[in-house]
Amino acid sequence: MLLSRSVAASAVPMPDWSAGGDLAAVVAELGRRPALVSFEPTRALRERLAEVATAGGFVLHAGDCAEMFAEVSPGLVARKVAQLTELAAILADVRDPLGTVVVGRIAGQFAKPRSYPTEAVADGSHVPIYMGDAVNGLAATPLARTPQAGRLLLAYDKSAEVLGHLAAARTPHPVFTSHEALLHPYEEPLVRPAGIAGAVYASSAHLLWVGDRTRQADGPHVALAARVANPVAVKLGPSARPEDVAALVEALDPGREPGRLTFVARLGIGRVAESLPGLLTAARDSGARPLWLCDPMHGNTGRHDGYKIRVVDHVIAEARSFVRVARYHGVRPAGLHLEITPDDVVECLDHAERSLPSIDPTRYRTGCDPRLNPEQARRVVTAFAEELAR
């Protein structure tokens, strides 16, 4: 088995790099490379998020489930930017004078946490699970699935390439970059001085988030996020409890600074009314002013025809419920966190019908989780905006 559990503080398998090259040499090389993003736009994002937390505006945080090395190109980046810009304009129609902050799951979202270390293949054998191009390959063979340390350098190169394409794209909205801070051998050597009295920042992206499965307040992923001056986010799934929120506030936002911390609720359509109020109250009682975003996708994942799917009607229902519950409890819903693509894929189904159509494999192309296609993404953001406007 080529994936192992890290220390008990992490709830997901972490890569075992021992069979795939000299990890220490790769880490040293990353430490010598230039910062991918500078601190000034990172600080600018934190300031914009502080405005959203205290004065108004919204956040659209969206992009690929998992970026793929082979798909990095100026054309695809331009289409991603165009899609983000279009969706941000829908939120802008809510008539909030402070507009929409656009954060892409882009230029670094090359790793994915997985629940299990292996998966079964057609012959009944098991291979290590795919954890994103920064770790191993998508092909379901033992060789392709062996974690390779050199892929971390490729992740850096591809992130730099995407950042170059973003700089060349013309858009009315700056697109800030983000990814899940999953791989310590990648993130740690890219921590750089922020130029402020001993502060450091993560130069791999403008914003990093900690996933629902690695959000233990005393765990290594939260410890990394606590060290850096970037704005940070934490996903909160169905198992999140009010005491978890209080501990995360204490670890990540001890100064109670607006713009520092964002919570992303990913609860599932049937759990918002039950679970969200306690989480909101715990954050408020701590004295913090985090932003609250809705991820209506991850709690609504199922299977059909052998594929992972999400139903857009369920996604919309959770987004609407999030707005209503947050407002009822005196918390401003600040935006959405979505997995989307500008490609015309069929990975999410529009409606939950008794007789669902078969999945066209040529139009199911995600590396991991199902993404909204352009029309579906418009439906979800429009529904969210309509609920905000009520």
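**Entry 1: salt bridges**

A salt bridge is a side-chain nitrogen of Lys or Arg within 4 Å of a carboxyl oxygen of Asp or Glu. I start with that meaning in hand, and I keep in mind that this model is predicted.

My search of the whole structure turned up 34 salt bridges. I picked a few to look at one by one.

R363 pairs with D344, with 3.2 Å between the closest N and O atoms. This pair ties together distant parts of the chain, 19 residues apart: R363 sits in the loop between β17 (348–349) and α10, and D344 in the loop between β16 (335–339) and β17. R363 has a relative accessibility of 30%, so I noted R363 as partly exposed.

Next I went to R379, which forms a salt bridge with D313 at 3.0 Å between the closest N and O atoms. Here too distant parts of the chain are linked, R379 lying in helix α10 and D313 in helix α9 (residues 312–328), 66 residues apart.

Then I checked E29 and R33, whose side chains meet in a salt bridge of 3.0 Å, N to O. E29 counts as partly exposed at 23% relative accessibility, whereas R33 is buried at 17%. The cut-off matters here, because buried means under 20% relative accessible area.

I also found a network of salt bridges that links R105, K112, K308, R310, E339 and D369.

**Entry 2: helix α3**

I moved on to helix α3, which covers residues 74–92 and has 19 residues. From its first C-alpha to its last, α3 reaches 27 Å, close to the 27 Å expected at 1.5 Å a residue.

Which residues of α3 are buried? I listed L76, V77, K80, V81, Q83, L84, T85, L87, A88, I90 and L91.

I then asked what covers the buried residues of α3. The cover includes the strands β3 (58–63), β4 (100–105) and β7 (175–180), along with the helices α4 (150–168) and α10 (374–389).

**Entry 3: cavities**

How many cavities of 30 Å³ or more does the whole structure hold? I found five. The largest cavity has a volume of about 110 Å³.

I looked at its lining next. The largest cavity is lined by 13 residues, and P113, E180, K235, R266 and H298 lie nearest its centre. By type, the lining divides into nine charged, two polar and two nonpolar residues.

Note on methods. Residues are numbered from 1 along each chain as its sequence is written. This is a predicted model: local features need pLDDT of at least 70, side-chain atom pairs count only at pLDDT 80 or more; totals for chains, interfaces and linings use all residues. Side-chain values use heavy atoms; hydrogens and water are left out. On a 1 Å grid over the protein atoms alone, a cavity is a set of points where a 1.4 Å probe fits but cannot get out, and a pocket is an open set with protein on both sides within 12 Å along at least five of seven lines; lining residues have an atom within 4 Å of a point. Grid points are joined across faces, edges and corners, and a volume is the space filled by probe spheres set on the points. Ala, Val, Leu, Ile, Met, Phe, Trp, Tyr, Cys and Pro count as nonpolar, Asp, Glu, Lys and Arg as charged, and the others, Gly among them, as polar. Helices (H or I, at least four residues) and strands (E, at least two) are DSSP runs, numbered from the N terminus. The expected span of a helix is 1.5 Å times one less than its number of residues. Buried means under 20% relative accessible area, exposed over 50%, partly exposed in between (1.4 Å probe, protein chains only). Contact means heavy atoms within 4.5 Å.
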